[in-house]
Amino acid sequence: MREGAYCLVQVGANIRLERNLSMTDRLLPTFGAPADMPWQARHWAVRKSLKVDIPRHCDVRGSMHLSRGQVPVTMSRSSSSSEVSNVTCPFCGLACDDLVVGTAAGRLAVRANGCPISLALFERGSTPGAAQPRVGGKAATLEQAVGEAARLLREARQPLVAGLGTDVAGARAATRLAERCRGVLDHMNSTAAGRNALVVQDSGWITTTLSEVRNRADLVVVAASDIPSRFPRFFERCLGNRETMFGAERQCEVVLLGLGLPDGLTLNPPAKLVPCEVPRLQEAFAVLRALVAGRALQAREAAGVPLLVWQELADRMLAAHYGVIAWAAADLDFPHAELTVQVLCELIKDLNRKTRFAGLPLGGTDGDLTVDAVLLWQTGFGSRTSYARGYPEYDPYHYSTARLLQTGEADVLLWISSFNEARTPPSGPGATVALGRPGMNFQREPEVFIPVGTPGIDHAGCMFRSDRVVALPLRRLREAALPGVAEVLGAIEGAL
Ligand code: SF4
């Protein structure tokens, strides 16, 4: 955002127009912040001070709905009253919005447009008794569980609010609670997401949207990522269409770097595999940069693949009208993978000198991009932000869940996982308060367990798609007695 621009920020129940944070230093004298205050605190102080009431004619109703997770959606039902069509799936960053889901006695079944992930996670019904909160392993009322969670957080030296598998409303409530109890906020996927975040912070990137891929891309290069397992309908939804906004005969070529497709999956036209060594992908992208720039290389191979193959790929990239490099940071699981992402992003910038190219970083599972977006607009930072000093302070190393638990710095863990009961809290030396889907199986029974509803199934909500440009409304599909994450966190905050 350019310096001096305004943005919408929610403060309490109000939406306000605020000036861009980059004006911090210029405005410090106006607001009397001491010059020796840590820069993050000064940043925060100015951000809190610069408030302009939004003019009445500005329409911010969309933002208000986002903040409350109360998107007014009319259910469109198909001929059978027990079937709901055009359901948005919250279980990966594609957020497919064309599912048909049948409901019967509180149990759900995906009847059309599902995938292995959505079939499993929509259809898992509550088991009897699973909706009962527990304190110390014994059944308790919601009030008792909330009271005990508040007591643990109140007495904690360093609370850690982690997991954060939730929607917009849940992320807002978690941020408020962390500010109140001076806790650290860290999403369960932030190690993988950090590989991208470090690049954006350092040198920026050029990315595209799922709609652009669907309508314009004629070449998609997949960088060593298991897209069929992580985003099962990506090829069907984004590459399988022949008809686009601009024509009816679209063909998109797919090149796979390092990882092939699973057995039985074929694309039309068939995908081409370049069998390079995945940890040496950075070398491959560096060579592609040189070839795209027309430099002569003396090397005969890169990343275990002959140079001729890289030259062919560089030529194909330069010939593309709209090329895309897609990757899932979670699959680039080797030391210093952020450097690989950075060279990839620099290659995209180079290609844009000669043709049109963009990146497609795929993510969004367990609400990671949603939480990141909320933290960004609420605190100015992303995941791994601490309120221990009373203002938000970002540190991707010191505020990682694994480090805080290993060192014993965090003595109370508040774990949130409302999408997937398999994402259980990591073990640590201190007490654990878990907010999870019913049926969560723990290695060690937490001090407090509060079953919560899933956004898009048990209550309405909102989540950001993988490309971050679209926040999709999620519907309530069944009557459930389960409270949402935002509701429970609000109650805990009230009891602090
Ligand atoms: S691909 Fe992702 S969003 Fe689409 S149905 Fe499967 S899990 Fe849901």
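Asp366 sits in the loop between E17 and helix H14 (368-379); helices (H or I, at least four residues) and strands (E, at least two) are DSSP runs numbered from the N terminus. Check its backbone too: phi of Asp366 is positive, about 60 degrees, although Asp366 is not a glycine.

A word on what you're viewing: this is a predicted model, where local features need pLDDT of at least 70, side-chain atom pairs count only at pLDDT 80 or more, and totals for chains, interfaces and linings use all residues. Residues are numbered from 1 along each chain as its sequence is written.

Most residues other than glycine have a negative phi, and most peptide bonds are trans. Asn113 has a positive phi near 65 degrees, and its place is the loop between strand E6 (107-112) and helix H4 (116-123). Asn113 counts as partly exposed because it has 19 C-beta neighbours inside 10 Å. Then jump to Pro269, in the loop between strand E12 (253-257) and strand E13 (272-274): the peptide bond from Asn268 to Pro269 is cis, with omega near 0 degrees.

Now show the ligand. Which of the 13 residues around the ligand come nearest? Select Cys89, Cys92, Cys96, Cys115 and Ser118 (a residue is near if its C-beta atom, placed from the backbone, lies within 6 Å of the molecule). Colour the shell by type and you get ten nonpolar residues, two polar and one charged; here Ala, Val, Leu, Ile, Met, Phe, Trp, Tyr, Cys and Pro are nonpolar, Asp, Glu, Lys and Arg charged, and the others, Gly among them, polar.

From Cys92, step over to Phe231, which touches Cys92, Gly93, Leu94 and Leu362, not counting residues up to four places away in sequence (contact means C-beta atoms, placed from the backbone, within 7 Å). Phe231 lies in the loop between helix H9 (227-230) and helix H10 (234-239), and counts as buried with 25 C-beta neighbours inside 10 Å.

Next, the largest nonpolar core, with 131 residues (a set of buried Ala, Val, Leu, Ile, Met, Phe, Trp, Tyr and Cys residues joined through C-beta atoms within 7 Å). Ala174, Val220, Ala223, Ala284, Leu288 and Ala326 touch the most other members. Helix H6 (residues 168-181) gives the largest share, eight residues. Domain 2 (134-191 + 366-458 + 479-495) and domain 3 (195-362) both contribute, so the core lies between them; those bounds come from an automatic or database domain assignment.

Last stop: helix H13 (residues 337-351). Its 15 residues should span 21 Å at 1.5 Å a residue, and its end C-alpha atoms are 21 Å apart, which agrees (the expected span is 1.5 Å times one less than the residue count). Buried residues of H13 include Leu344, Cys345 and Ile348. For the packing partners of its buried residues, select helix H7 (190-202), helix H11 (281-292) and strand E16 (323-328), among others.

Notes
A residue is buried if 20 or more other C-beta atoms lie within 10 Å of its own, exposed if 12 or fewer, and partly exposed in between; C-beta atoms are placed from the backbone. Two residues are in contact if their C-beta atoms, placed from the backbone, lie within 7 Å.
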